[in-house]
Amino acid sequence: MSAGRTPIMAGNWKMNTELPEAISLASAVAEGTQGVEGVEIVVCPPYPFLLSVNKVLGDSHVQLGAQNCYFVDSGAYTGSVSASMVKQCGTSFVICGHSERRAVRYSQGLSSMADDDIVNRKVLKVLETAMKPILCVGETIEEFNSGTSKQVVKDHLVADLKNVSPFDMPKLVVAYEPIWAIGTGMTASPEIAQDMHAFIRNTITDLYSKEIADQVRIQYGGSVTPDTVDQLMACPDIDGALVGGASLDPAKFCRIALFNKVAEAAV
Ligand code: PGA
């Protein structure tokens, strides 16, 4: 974490919770992080609960995120949800290109480049709709083992950021999510994560400028827990976490989200 960037801790609830649980989870997170300063906190419930969760969050410090959206404004796209629909529910952030979404297309035999094209269109639509994308990138275990992680992540970034203006870049959050670490309990070591985060920042420097790269927040995602968050957040290029499993437990998520507050209190 660098002094110049506000950490951002986001909970991705995935396809979990029922309405009463979603409401109580959101209110527990709002209560448990009350009065906190110097960190942005986001929860991303399933689509049907966005409005109810937004109401519960009220004017608390916790912001609302969506887990996905479609890149077309309106039309005959049965079952799809547009960026402006999620915006109207109070959403400020939208996760774009989560590997669990990309996997739908991989499993249909569609190429990763075709997938990146769609992710790119989502990123542009989210920005155009005055929300902030959380762009997920990361390699599979096979790519990690074959030493191609950086090339894979770079290819995603180049394709997914196509036509994103330098003006919009500081609003965007990148989430480095090694697929082998998601939901597996195998958190990437702080060394591996920091090395990739620095590489992502350098790639953004090459694509834009150092000034812009220094403003973009880069989250780590993949089995983040209260036990692993402090070490990760101590790394200079890790500016936050995208949390799946542990975000469903309010005590765990609040501990993760308040990492710096807790660490400061312990000094
Ligand atoms: P996990 O999920 O924390 O359960 O590994 C992270 C994510 O998918 O964003």
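**Exercise 1. Decide whether Ala 130 is buried or exposed, and find where it sits.**

Let's start with the area. Ala 130 has a relative accessible area of 58%, so it counts as exposed. The cut-offs are these: buried means under 20% relative accessible area, exposed over 50%, and partly exposed in between, with a 1.4 Å probe and protein chains only. Next, the place: Ala 130 lies in the loop between helix 5 (112-128) and strand 5 (132-137). Helices (H or I, at least four residues) and strands (E, at least two) are DSSP runs, numbered from the N terminus. Last, the backbone: Ala 130 is not a glycine, yet its phi is positive, about 60°. Most residues other than glycine have a negative phi.

A quick word on the ground rules. This is a predicted model, where local features need pLDDT of at least 70 and side-chain atom pairs count only at pLDDT 80 or more, while totals for chains, interfaces and linings use all residues. Residues are numbered from 1 along each chain as its sequence is written, and side-chain values use heavy atoms, leaving out hydrogens and water.

**Exercise 2. Describe the ring pairs of the model.**

First, the count: there are four aromatic pairs. Rings of Phe, Tyr and Trp (its six-membered ring) pair if their centres lie within 6.5 Å; planes under 30 degrees apart are stacked, over 60 edge-to-face, and the rest tilted.

Now take Tyr 70 and Tyr 77. Their ring centres are 5.1 Å apart and their planes stand at 50°, so this pair is tilted. Tyr 70 is partly exposed at 24% relative accessibility, and Tyr 77 is partly exposed at 37%.

Then look at Phe 144 and Trp 180, a tilted pair with 4.6 Å centre to centre and 45° between the planes. This pair links distant parts of the chain, 36 residues apart: Phe 144 is in helix 6 (residues 141-145), and Trp 180 is in the loop between strand 6 (173-176) and helix 8 (190-207). Phe 144 is partly exposed at 28%, whereas Trp 180 is buried at 9%.

Finally, ring pairs join Tyr 70, Phe 71 and Tyr 77 into a cluster.

**Exercise 3. Work out what surrounds His 197.**

Begin with its place, helix 8. With a relative accessible area of 0%, His 197 is buried. Leaving aside neighbours within four places in sequence, His 197 is in contact (heavy atoms within 4.5 Å) with Tyr 176, Ile 218, Gln 219, Tyr 220, Asp 237 and Ile 238. The side chain of His 197 also reaches the backbone oxygen of Asp 237 at 3.0 Å.

**Exercise 4. Find which residues come nearest to the ligand.**

There are 13 residues around the ligand (a heavy atom within 4 Å), and Lys 14, His 98, Glu 177, Gly 183 and Ser 223 come nearest. Now check some atoms. A polar side-chain atom of Lys 14 lies 2.7 Å from a ligand oxygen atom.

Definitions and conventions: A polar contact is a pair of N or O atoms within 3.5 Å; within protein, one must be able to donate a hydrogen and the other to accept it, and residues adjacent in sequence count only if both atoms are side-chain atoms.
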